Amino acid sequence: PMLSQLITDYVFYCGARYALRMANQKAGVTATYLYQFQRVAPLSICFWPPQQAYCCQACCHGAEIPYAMGDLNIG
C-alpha cells in the first residue's frame, strides 16, 4: 500500500501540481483548483465493471466522474 501511494502521488498529484503552477506562472491563469476526491460510492450504485468489483468498496481513479457530471443522485 505504501508503494502504491507513493507511485500514485508521483504520477497524479505531483504532475497536477506542476501543471497548475505552470498555468499560473506562464499563462497567467489565476483560478486554478486541485482537489482530492475520497468519497466511496454507496454499494447500491456500484458502476464498475465486474473485473473491477474491488472498486465498489473503495474510491478508485475516476470515481468522481459520475458525481462531477451529475449522473448520481447523491443528495
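Student: Are Cys 55 and Cys 60 buried or exposed?

Tutor: The model is a predicted one, in which local features need pLDDT of at least 70, side-chain atom pairs count only at pLDDT 80 or more, and totals for chains, interfaces and linings use all residues. Residues are numbered from 1 along each chain as its sequence is written, and side-chain values use heavy atoms, with hydrogens and water left out. Buried means under 20% relative accessible area, exposed over 50%, and partly exposed in between, with a 1.4 Å probe and protein chains only. Cys 55 and Cys 60 are both buried.

Student: How far apart are the sulfur atoms of Cys 55 and Cys 60?

Tutor: A disulfide is taken as a pair of cysteine sulfur atoms within 2.5 Å. The structure holds one such link, and its angle of -95° about the S-S bond makes the link of Cys 55 and Cys 60 left-handed. The sulfur atoms of Cys 55 and Cys 60 are separated by 2.1 Å.

Student: Which residues are in contact with Cys 60, leaving aside its neighbours within four places in sequence?

Tutor: Helices (H or I, at least four residues) and strands (E, at least two) are DSSP runs, numbered from the N terminus. Cys 60 sits in the loop between helix H1 (2–26) and helix H2 (65–68), and its relative accessible area is 17%. Contact means heavy atoms within 4.5 Å. With those neighbours set aside, the contacts of Cys 60 are Trp 48, Tyr 54 and Cys 55.

Student: How far apart in space are Cys 60 and Phe 37?

Tutor: Cys 60 and Phe 37 are 23 residues apart in sequence. From C-alpha to C-alpha, their distance in space is 9.3 Å.

Student: What is the radius of gyration of the protein, and why is the protein described as more spread out than a compact globule?

Tutor: The secondary structure comprises two helices and zero strands. The radius of gyration is taken over C-alpha atoms, and the globule rule is 2.2 Å times the number of residues to the power 0.38. For 75 residues that rule gives 11 Å, and the protein is more spread out than a compact globule because its radius of gyration is well over this, at 15 Å.

Student: What share of the residues of the protein count as buried?

Tutor: Along the principal axes, the C-alpha atoms fill a box of roughly 45 × 35 × 15 Å. Of the 75 residues, the share that count as buried is 13%.

Student: Where does Met 2 lie, and how far is its C-alpha atom from that of Gln 52?

Tutor: Met 2 lies in helix H1, and its relative accessibility of 73% makes it exposed. Met 2 and Gln 52 are 50 residues apart along the chain, and their C-alpha atoms are separated by 21 Å.
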